[in-house]
Amino acid sequence: MKLAIFGATGRVGGEILKRALRDGHHVKALVRSEKLETHPNLEIILGDVRNAEDIERTIAGTTAVFSAIGTDRTTTLSEAAPLIVKSMANHNIKRIITIGTAGILDSRLSPGLLRYEGGDSKRKLTFAAEEHEAVYRLFEKTELHWTIVCPTYLPDGEARGNYRAEKDLLPEEGKEITVGDTAEFAYRQLQSQEFIQSRVGLAY
């Protein structure tokens, strides 16, 4: 397959990129600076995810999209997402897998609210969750085959494989999930129809 990856220099995005190249896929990655190692199957595109032309160059000719764009106390994510959706429509691409946050899963404590609104999350700062919610609400209005992978606390670490995944909810008593397992699960969604048009909570 030919894949577009946004956020390929980040922790999760970098692990997704490794898996895609290992399996022989061709990848186009949009990055701000030359941080990635060259690879015969990797096309590095220098640019900005908030620029429509750079998004277009990255998505053209691909069959599926991964986004692991971080929030980093900026609105980069919510600015980039509409451009990605528009470009996917331009190129008739349906499949997108993104990395979100457990804060935008459904609340178990307050039905009808998200975790970051309902008191499930101990985080006081809600900016990142609000950014990820904007993307979720955007996807809801589209016909895209989207999946938002929503890890809880995300320490560095290899894939161990003994995690739990639950549609729209964080698995009960879920406390953490490594970067490796988050990337592994997200990457596996390329071959899966199970979580089309839904959020997925991920934890051990």
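Predicted model: local features only at pLDDT ≥ 70, side-chain atom pairs only at ≥ 80, totals over all residues.

Reader: Now the helices. At what angle do α1 and α6 pack?
Author: Helix α1 covers residues 11-22 and helix α6 covers residues 179-188; they pack at an angle of about 50°. Their axes are 8 Å apart.

Reader: Which residues in α1 and α6 meet?
Author: From α1 there are Arg11, Val12, Glu15, Ile16, Arg19, Ala20 and Arg22. From α6 there are Val179, Gly180, Thr182, Ala183, Glu184, Ala186 and Tyr187. The residues of this contact divide into 7 nonpolar, 2 polar and 5 charged.

Reader: Arg19, then. Buried or exposed?
Author: Arg19, in helix α1, is buried, because its relative accessible area of 8% is under the 20% cut-off. Leaving aside neighbours within four places in sequence, Arg19 is in contact with Ala159, Gly180, Ala183, Glu184 and Tyr187.

Reader: And α6, how many of its residues are buried?
Author: 8 of its 10 residues are buried, so α6 is mostly covered. The buried ones are Val179, Gly180, Asp181, Thr182, Ala183, Phe185, Ala186 and Tyr187.

Reader: What do the buried residues of α6 pack against?
Author: They pack against α1, β4, β5 (95-99), β6 (145-151), β7 and β8.

Reader: β4 is on that list. Where is Ser67, and what does it touch?
Author: Ser67 is found in strand β4, residues 64-67. Ser67 is buried, with a relative accessible area of 6%. Apart from neighbours within four places in sequence, Ser67 is in contact with Phe6, Ile97, Thr98 and Ile99.

Reader: Changing topic: what about Leu30?
Author: Leu30 is in strand β2, residues 26-31, and counts as buried at 4% relative accessibility. Not counting residues up to four places away in sequence, Leu30 touches several residues, among them Ile5, Phe6, Ile45, Leu46, Val49 and Ile55.

Reader: How far is Leu30 from Tyr116?
Author: Leu30 and Tyr116 are 86 residues apart in sequence and 30 Å apart in space, C-alpha to C-alpha.

Reader: Last topic, backbone angles. What is the phi of Asp168?
Author: Asp168 has a positive phi of about 70°, although it is not a glycine. Most residues other than glycine have a negative phi.

Reader: Where does Asp168 lie, and is it buried or exposed?
Author: Asp168 lies in the loop between β7 (164-167) and α6. At 19% relative accessibility, Asp168 counts as buried, because the cut-off is under 20%.

Reader: What about Gln197?
Author: Gln197 is not a glycine and has a positive phi of about 55°. Gln197 sits in the loop between α6 and β8 (198-203). At 38% relative accessibility, Gln197 counts as partly exposed.

Terms used
Residues numbered from 1 in each chain as written. Heavy atoms only, no water. Axes fitted to C-alpha atoms, helices over the stretch in contact; angles between N-to-C directions. Helix = DSSP H or I, 4+ residues; strand = E, 2+ residues; numbered from the N terminus. Contact = heavy atoms within 4.5 Å. Nonpolar A, V, L, I, M, F, W, Y, C, P; charged D, E, K, R; others polar. Buried < 20%, exposed > 50% of the residue type's maximum accessible area, 1.4 Å probe, protein only.
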